Amino acid sequence: WSLQKQNLLIKRVCHRGAYLSASKNFVEKDLETSVVGRSFLITGANSGIGKATAMAIAKKGGTIHMVCRNKDKAEEARAEIVKESGNKEIYVHILDLSETKKVWEFAESFKKKYKTLNVLINNAGCMMTMREVNGEGLEKSFASNSLAVYILIKSLIPLLEKSTDPRVITVSSGGMLVQKLRTGNLQSQRGRYDGTMVYAQNKRQQVVMTEQFAKAHPNIHFSVMHPGWVDTPTIANAMPDFHSSMKERLRTPEQGADTVVWLAVSEAAVKNPSGRFFQDRQMVSAHLPLAWTHSSQLEDQKFMSVMEDLAKSFQPH
């Protein structure tokens with residue numbers, strides 16, 4: 001399997017046509033459900049897939065906690081969601097996921113303030129064009145896409161475990177299909193910095209994290225999903241050539257959010273095993289056919305222990 005063949009396969013299964021074809025088999029009643037009284041924390045909820053997810057769940061009566069970096073954009077999105085859904089239980093929390101200590105502080109204070117959290121949706125993602133480090137000396141893409149997700153899950157597990165039907169959903173990317181977990185260069189200090197490959201590696205890390213957390217916490221349903229190629233600001237800014245050549249075939253944010261919403265609210269979703277990878281409401285392999293991307297149990301455990309040590313070193317005491 002050449003890289004070219006793999007990329008072609010990923011493109012083919014991920015654009016809008018693939019969604020329209022898959023959606024013919026969706027069970028409509030899966031989403032005909034009220035989630036009044038259930039609370040959902042969604043990162044990156046003011047645009048793209050995050051906003052479409054927040055809107056869909058708000059219309060079903062869920063309490064939404066929007067975790068966003070930009071206050072003005074967040075408030076604007078909140079107003080729009082309240083207006084369109086008629087649901088006032090929409091709360092904005094301002095947090096930059098690339099600031100590791102602040103992620104801990106946010107999660108710890110959220111636990112003190114709120115009695116329950118039914119669903120955590122790790123949606124926010126960042127793709128850098130060049131290597132940048134945050135104020136704590138961590139490479140920003142890794143800090144936002146991997147370490148922040150690890151910390152949010154780790155810190156909020158006690159709150160999720162005492163809530164009914166708890167779920168954790170992480171929005172990954174098909175780009176991770178050409179990446180094998182690498183624990184030796186988490187901060188991209190060695191070699192040439194390629195933002196799209198670093199992003200894809202972070203997304204592979206999210207898949208491994210999901211599998212490992214699912215084993216350790218059987219009371220919570222964990223899942224990770226690929227939304228397909230979606231017309232979002234992230235893709236437009238970070239991959240302008242890809243965006244302009246594929247624009248007509250990219251999915252809408254609502255199509256990209258469909259499986260996130262399904263995983264978050266439907267009873268059908270939790271009938272699947274925990275810790276698995278999904279696309280278009282189907283459990284699919286997290287590896288391409290004949291792929292070399294599998295990591296060993298030892299590598300996965302090593303990765304989790306590196307993440308644990310790193311996360312702890314930024315934990316407020």
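Guide: The side chains of Ser141 and Asn202 make a polar contact at 2.8 Å, a term for a pair of N or O atoms within 3.5 Å, where within protein one must be able to donate a hydrogen and the other to accept it, and residues adjacent in sequence count only if both atoms are side-chain atoms. The model is predicted, so local features need pLDDT of at least 70 and side-chain atom pairs count only at pLDDT 80 or more, whereas totals for chains, interfaces and linings use all residues. Residues are numbered from 1 along each chain as its sequence is written, and side-chain values use heavy atoms, with hydrogens and water left out.

Ser141 lies in helix H6, residues 140-161 (helices are DSSP runs of H or I with at least four residues, numbered from the N terminus). Ser141 has a relative accessible area of 0% and is therefore buried (under 20%, with a 1.4 Å probe and protein chains only). Beyond its neighbours within four places in sequence, Ser141 is in contact (heavy atoms within 4.5 Å) with Cys126, Met128, Ser146, Tyr193, Val198, Tyr199 and Asn202.

A cavity is a set of points on a 1 Å grid over the protein atoms alone where a 1.4 Å probe fits but cannot get out, and lining residues have an atom within 4 Å of a point. The structure has one cavity of 30 Å³ or more.

Key. Helices (H or I, at least four residues) and strands (E, at least two) are DSSP runs, numbered from the N terminus. Buried means under 20% relative accessible area, exposed over 50%, partly exposed in between (1.4 Å probe, protein chains only). On a 1 Å grid over the protein atoms alone, a cavity is a set of points where a 1.4 Å probe fits but cannot get out, and a pocket is an open set with protein on both sides within 12 Å along at least five of seven lines; lining residues have an atom within 4 Å of a point. Grid points are joined across faces, edges and corners, and a volume is the space filled by probe spheres set on the points.
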